[in-house]
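Here is a short tour for someone meeting this protein for the first time. Have a look at the sequence and the model, then read on.

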Amino acid sequence: MDHSTMKQPGLARRIFKGFAVLAMLGVLGIAALLGSLWLERRTEITLPTPTGPFAVGRAINDWTDDTKLDTLAPVPGTKRELLVWMWYPSAAVRSVAVDEYLPAPMGTVAGPAGGLSKVHGHSIREADLSPEQRWYPVVIMRGGASAAVWSYSTLAEDLASHGYVVVGLDAPYRTSNVVFPDGRVMRRIPENNPELCLEKTGQERDRCANRLLIAWTSDMAFVLDKLEQLNASPASGKFAGRLDLTRVGVFGHSFGGAQAAQFCSQDSRCKAGIDVDGAPHGSVIQTGINRPFLFLLSDHSHESDSEGGQIMANIRSIYDRLPADGRAFLEIRGANHFLFSDDGALLKSHIVMRTLRKLGIVGIDGRRQLAVTAHCLGSFFDAYLKGTNASRLNISSPLYPEIEVLK
């Protein structure tokens with residue numbers, strides 16, 4: 001899966017250290033590592049069980065905006081079109097057969113036989129929305145770099161099990177691969193790869209990132225517009241009149257976290273937001289955010305490069321101007337930038353994990369990292385979207401000692 005790094009130089013150091021450790025492992029050690037990965041791809045794996053009381057439904061939609069063109073599409077005049085995934089509290093019982101992790105034809109493109117076909121989630125296809133509550137708050141979700149939002153199913157399913165409608169969006173020509181329900185496959189074009197922005201410097205890097213940032217935040221606004229239409233139309237199906245769009249949260253990982261911060265700084269419909277290990281970009285660095293916001297970082301305690309220092313300074317600058325009763329700045333000790341996605345759940349081999357620990361790449365188990373992250377997301381959104389103890393937010397818990405308050 002494809003995610004942007006928060007601190008590229010720090011990652012480079014980890015990679016070079018990795019080569020050194022592999023050299024010490026020798027041929028037999030490398031063979032054992034590769035063999036373990038080969039076997040893992042052929043093993044049935046189930047994502048972590050959602051921790052909330054609701055079963056989880058899932059719907060996949062193809063939404064086209066007839067009023068706006070996709071300015072980053074390779075062909076001028078292309079209308080904006082998004083693949084939208086929705087996870088939600090379901091009326092179904094948990095014993096009902098769940099949908100495929102990636103339904104056809106998506107699984108064929110993204111994960112051929114022997115790969116993602118062996119992965120199982122907990123979502124039920126097109127299940128009815130639970131009647132237990134009249135309205136449900138909405139959370140918009142974005143992935144890292146060019147990663148597809150389905151690769152964050154663990155976090156989406158957990159939030160949905162606690163009574164949220166989670167809406168993730170992917171865009172053709174920007175997401176690595178977008179496979180629409182009708183079988184059309186649209187791949188990211190090179191100029192829309194956010195990783196390439198990291199190779200630039202100064203204002204050129206900012207222009208590169210902001211070009212993509214503007215497109216993604218515009219897409220978020222369109223998705224909320226579409227949800228408002230669905231909510232208002234009796235003919236729109238299960239979500240009609242059931243979405244509480246006065247309680248909208250936004251979160252994203254890595255570059256998706258930067259998108260969440262930027263969107264919440266400029267669109268008043270965002271009532272609370274979370275940046276998961278993403279370096280801020282755009283005007284939010286100057287303007288700040290005037291609503292509850294959480295910065296949730298992986299463990300960067302061993303990185304001291306100047307670029308990382310500037311990123312941390314930008315985060316602290318935004319944090320310092322957040323509402324005093326609506327902010328949090330946390331780090332998960334031992335967490336790795338790349339394991340906030342389902343990769344954290346799919347990497348189960350003890351041989352691989354031991355090797356990654358030797359490389360200094362991971363400090364805690366990937367599933368544990370996802371459990372801590374899900375706790376942080378749910379606690380923050382519960383406080384500011386459901387009104388649960390917002391005046392005394394305390395995400396820290398003896399059950400999750402990995403959480404460190406940075407400020």
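Let's start with a word that comes up a lot: a residue is buried when its relative accessible area is under 20%, exposed when that area is over 50%, and partly exposed in between, using a 1.4 Å probe and protein chains only. Tyr173 is buried by that rule, with a relative accessible area of 16%.

What you see is a predicted model, where local features need pLDDT of at least 70 and side-chain atom pairs count only at pLDDT 80 or more, while totals for chains, interfaces and linings use all residues. Residues are numbered from 1 along each chain as its sequence is written, and side-chain values use heavy atoms, with hydrogens and water left out.

**The overall picture**

The protein has 11 helices and 14 strands. Helices (H or I, at least four residues) and strands (E, at least two) are DSSP runs, numbered from the N terminus. Of the 407 residues in the protein, 58% are buried. A contact means heavy atoms within 4.5 Å. Taking the contacts with a separation of 6 or more, 75% are between residues 24 or more positions apart.

**The sheet**

Which strands make up the open sheet, and in what order? There are 10 of them, in the order 5-2-3-7-6-10-11-12-13-14, and the pairing is mixed. Two strands count as paired if DSSP finds at least two bridges between them. The edges are strand 5 (123-125) and strand 14 (403-405), each pairing on one side only. On average, neighbouring strands of this sheet are turned by 25 degrees against each other, direction ignored. In general, strands of a sheet pair through backbone hydrogen bonds, either parallel or antiparallel.

| Strands | Sense | Bridges | Partner pair |
|---|---|---|---|
| Strand 2 (residues 55-69) and strand 3 (residues 79-90) | antiparallel | 12 bridges | Asn61 and Val84 |
| Strand 6 (residues 136-142) and strand 10 (residues 243-253) | parallel | 7 bridges | Val138 and Val248 |

**Two helices on the sheet**

Helix 6 (residues 255-266) packs on the sheet, touching strand 6, strand 10, strand 11 (272-276) and strand 12, and its direction makes about 140 degrees with that of strand 10. Helix 8 packs on the sheet too, touching strand 12 and strand 13, with its direction at about 150 degrees to that of strand 13. For these angles, axes are lines fitted to C-alpha atoms, for helices over the stretch in contact, and the values run from 0 to 180 degrees between N-to-C directions.

How much of helix 6 is buried? The count is 11 of its 12 residues, so helix 6 is largely enclosed by the rest of the structure. Among the buried ones are Phe255, Gln259, Phe263 and Cys264.

In helix 8, the buried residues are Gly308, Ile311, Met312, Asn314, Ile315, Ile318 and Tyr319. They cover an arc of only 155 degrees around the axis, which puts them on the same side of helix 8; the arc is that of the directions from the helix axis to the C-beta atoms. Their cover includes helix 7 (284-287), strand 12 (293-297) and strand 13 (327-332).

The expected span of a helix is 1.5 Å times one less than its number of residues. The 15 residues of helix 8 (residues 306-320) should therefore span 21 Å, and the end C-alpha atoms are 21 Å apart, which agrees.

**A few residues to look up**

Most residues other than glycine have a negative phi. Tyr173 is not a glycine, yet its phi is positive, at about 75 degrees. Look for Tyr173 in the loop between strand 7 (165-170) and strand 8 (177-179). Asp277 also has a positive phi, about 60 degrees, without being a glycine. Asp277 sits in the loop between strand 11 and helix 7, and it counts as buried at 0% relative accessibility.

Thr373 lies in helix 11 (residues 366-385) and is buried, with a relative accessible area of 0%. Leaving out residues up to four places away in sequence, Thr373 touches Leu155, Leu296, Ile332 and Phe340.
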